[in-house]
Amino acid sequence: MDVFREIKSLELVVCCVCLLSSCCGETDPVRRQHQQLKQLLLSNYSKTVSPYGDTTRINATASFTLSAILAVEETSQIFRMSGVLDLAWSDSWLTWNDSNDVMMLTFTQEEIWTPNLIIPNGVGNKLASILSTSMTIDVTSSGKVLMLLIGEFETICDIDVKWYPYDEQVCHMSVLCLNEANLDPGDHDSGTIFSQYFTGSSEWELVNTTTNLKNIHTELYTVSYVDFEFRLRRHSIFYTLSVIFPMCLLSFLNACVFLLPAASGEKVSFLVSIFVSEAVFLNYVNDAIPKSGNASRLIIYLVLLLSQSALALLATLLVMNTHHRKGPLLYLLRKIKVSPATAGTEATGFQEDELVDKLDNIFFVVFVAIAIASLLLCYV
């Protein structure tokens, strides 16, 4: 009986040893193979030296995929966006034989050499914060290196609000390497993937994106860099309905004051009501207009609208003065129209009320023409 128990105990110990050895054994040989290959490649590698030495500039390609338009700040002249900056170059020190079925390895920025990138027209430390994050870099067996920079970017944009709110803006983001690489435009597969996740803006529409190659000539060498151009168009339907259309109505209401009979006595009060409405509306428009040093056509239209109201008030005073038979215009017309045969009678050849009506009709046509001309002058 004791012998049987010892045999059972021995079998249990053997099973535990076998189980322990299987758990501690090699479970992922592919991962170990990748680690050994990385250690072999990095054994004599220096990340502070360019793959082709300090005297030879390497050729790298760059592409950018816009994922979202965050803001276009007219006052500070800043274009904020998020996207993916895709860089690719060749590193002859990171090549291996792919016969062992290892086609790609993943490195970090702290392990291999990467170009010293700058954005000349950038704002703040957005690029530095993106580069400081722990991002991965893919390397193929032929030595091709692919690095993705994903994050928010801010650039200086020369914003022209002349045709606000029907304006188009062209913003740029330039990317260059200081002393190690020349950048050329590239067309990488990752751009096609990330472009499917583009998120539009409620205020701006992306018309197109172009990539241009530009050069900087120095005494020692010529540096080529990539300039990404973004053409944006403002969504104008909101501003048309909430700003432009009410202003047009107020402009035509100024002319409608001459449709009121002079005998009603409501001409001046009607114009004062319109003027007060314009003053209240200007407080709302002031928040909608972008604050910029350049005068937009909308500002010019507001000035013309106020000028039209002031002229309408002066013309109304002239009509009312004529209606009460004291105006110099009525005296002049009487002197012209009265003939010697009827000079001593009350008949003057025309009715004084008809003169006031004619003045109203003339001013109505004139101010309607002014309203149409102001609108066409500013936005056509």
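Trainee: Is the crossing of H5 and H7 left-handed or right-handed?

Mentor: This is a predicted model, where local features need pLDDT of at least 70, side-chain atom pairs count only at pLDDT 80 or more, and totals for chains, interfaces and linings use all residues. Residues are numbered from 1 along each chain as its sequence is written, and side-chain values use heavy atoms, leaving out hydrogens and water. A crossing is left-handed if the near helix is turned anticlockwise from the far one by less than a right angle, and right-handed if clockwise. By that rule, the crossing of H5 and H7 is left-handed.

Trainee: Thanks! How many helices and strands are there in the protein?

Mentor: Both are DSSP runs numbered from the N terminus: helices are H or I with at least four residues, strands are E with at least two. Counted this way, the protein has nine helices and 10 strands.

Trainee: At what angle do the axes of H5 and H7 cross?

Mentor: Two packed helices are described by the angle between their axes and the distance between the axes. The axes are lines fitted to C-alpha atoms, for helices over the stretch in contact, with angles from 0 to 180 degrees between N-to-C directions. For H5 (residues 237-256) and H7 (residues 297-323), the axes come within 9 Å, and the crossing angle is roughly 20°.

Trainee: Does that make H5 roughly parallel or roughly antiparallel to H7?

Mentor: Angles under 35 degrees count as roughly parallel, over 145 as roughly antiparallel, 65 to 115 as roughly perpendicular and the rest as oblique. The H5 and H7 axes cross at roughly 20°, so H5 and H7 are roughly parallel.

Trainee: And H5 and H6, are they roughly parallel or roughly antiparallel to each other?

Mentor: The axes of H5 and H6 (residues 267-288) come within 11 Å and cross at roughly 160°. H5 passes H6 in a left-handed crossing. With that angle, the two are therefore roughly antiparallel.

Trainee: At what angle do the axes of H6 and H7 cross?

Mentor: H6 passes H7 in a left-handed crossing. The two helices are roughly antiparallel to each other. Their axes come within 10 Å, and the angle is roughly 170°.

Trainee: Which residues does leucine 298 touch?

Mentor: A contact means heavy atoms within 4.5 Å. Leu298 is one of the H7 residues where H5 and H7 meet, and also one of those where H6 and H7 meet. Not counting residues up to four places away in sequence, leucine 298 touches Tyr164, Val243, Ile244, Met247, Val285, Ile289 and Tyr379.

Trainee: Where is cysteine 171, and which cysteine does a disulfide join to it?

Mentor: A disulfide is a pair of cysteine sulfur atoms within 2.5 Å, and the count comes to one. Cysteine 171 lies in strand E7 (168-177), and its partner lies in the loop between strand E6 (144-156) and E7, so the pair ties together parts that are 14 residues apart in sequence. The S to S distance is 2.1 Å, and the partner is cysteine 157.

Trainee: Is that disulfide left-handed or right-handed?

Mentor: Look at the torsion about the S-S bond of cysteine 157 and cysteine 171. It is about -80°, so the disulfide is left-handed.

Trainee: Is cysteine 256 buried or partly exposed?

Mentor: For contrast, cysteine 157 is buried at 1% relative accessibility, and cysteine 177 is buried at 0%. Cysteine 256 has 28% relative accessibility, so it counts as partly exposed.

Terms used:
Buried means under 20% relative accessible area, exposed over 50%, partly exposed in between (1.4 Å probe, protein chains only).
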